[in-house]
Amino acid sequence: MLRTRTICATLVLVGATLGTAAVPAVATQSAPMSTTACPTGWGSLPKTDTTPTTTPVRDVRTGRHACYDRMVVGLPGAGRDVGYSVRYVDRLHQDGSGRHIPVAGGAVLEVRVAAPAYDPETGAATYPARAGRPLPGVDLAGYRTFRDARFAGSFEGDTQIGLGVRARLPFRVLQLPDRVVIDVAHNWTGAR
């Protein structure tokens, strides 16, 4: 009985295979894949603007995009002209003390914003960060480029942040109303 079932099952499988093979192949045309062209040409050289402001830093946040990871330094009320200096450094050293602040990643971007992280009139902190510690509220899990973000301090009207990235990748800096934006590309080729 078992042998009869095995023979019947084998014939059914052979017949199904032959029936499938007898059907002529039909060419299928797939829709072209849409790709996003990523911006290129940003480079990795330092980028600066020397316009200072007394409007304090209130917030730092990050975001993931198709072609780059983004950090936004928020200065509500500052307008569009906020000075900055963003550059790759071998090691992050805190202004004033010169203390080394370790930042994880294959490369470190030093982000300086020409604005204090405290109220200039009272000295009270406007951004709740501590020197050498990760940025409060910033979780970089799942980012393609960002690896670490450390607050270095706010000294003589400048706020300093260490941004650890996967490698020395191209970046751009944008001055938008009430914020400075730093985008770091996922790669050098502009491919997603």
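I take buried to mean under 20% relative accessible area, exposed to mean over 50%, and partly exposed to mean in between, with a 1.4 Å probe and protein chains only. By that scale I noted that Tyr-127 and Phe-151 are both buried.

**Basis of the entries.** I am working on a predicted model, in which local features need pLDDT of at least 70 and side-chain atom pairs count only at pLDDT 80 or more, while totals for chains, interfaces and linings use all residues. Residues are numbered from 1 along each chain as its sequence is written, and side-chain values use heavy atoms, with hydrogens and water left out.

**Disulfide.** I looked for cysteine sulfur atoms within 2.5 Å of each other, which is the rule for a disulfide, and the count came to one. The partners are Cys-38 and Cys-67, with 2.1 Å between their sulfur atoms, and the link is left-handed, at -75 degrees about the S-S bond. I placed Cys-38 in the loop between α1 (2-22) and β1 (47-49) and Cys-67 in the loop between β2 (59-64) and β3 (68-74), so that distant parts of the chain, 29 residues apart, are linked. Helices (H or I, at least four residues) and strands (E, at least two) are DSSP runs numbered from the N terminus. Both Cys-38 and Cys-67 are buried.

I counted two strands as paired if DSSP finds at least two bridges between them. On that basis an open sheet of four strands, with antiparallel pairing, has the order β2-β3-β11-β10, and its edge strands are β2 and β10, each pairing on one side only. Within this sheet I followed β11 (residues 179-185), a mostly covered strand in which six of the seven residues are buried. Seven bridges join β11 to β3 in the antiparallel sense, and among the partners I noted Gly-74 with Arg-179 and Tyr-68 with Ala-185. Strand β10 (residues 171-176) pairs with β11 over six bridges, again antiparallel, and here Arg-172 stands opposite Asp-183. The hairpin of β10 and β11 has two residues between the strands, and in it Asp-178 takes a positive phi near 70 degrees.

**Five-stranded sheet.** I read the strand order of this open, antiparallel sheet as β1-β4-β7-β9-β8, with β1 and β8 (146-155) as the edge strands, each pairing on one side only. Strand β4 (residues 84-89) is joined to β1 by three antiparallel bridges, one of them setting Lys-47 against Val-86.

**Aromatic rings.** I paired rings of Phe, Tyr and Trp (its six-membered ring) if their centres lie within 6.5 Å, calling planes under 30 degrees apart stacked, over 60 edge-to-face and the rest tilted; the structure holds four such pairs. Tyr-88 and Phe-171 are edge-to-face, at 5.6 Å centre to centre and 75 degrees between the planes. Because Tyr-88 lies in strand β4 and Phe-171 in strand β10, the pair ties together parts that are 83 residues apart in sequence. Tyr-88 is buried at 8% relative accessibility, and Phe-171 is buried at 0%. Tyr-127 and Phe-151 form a tilted pair, 5.9 Å centre to centre with 55 degrees between the planes.

**Charges over rings.** Lys-47 lies over the face of Phe-171, 4.0 Å from the ring centre, and Arg-172 lies over the face of Tyr-68, at 5.3 Å.

Technical notes: Lys NZ or Arg CZ within 6 Å of the ring centre and 35° of its normal.
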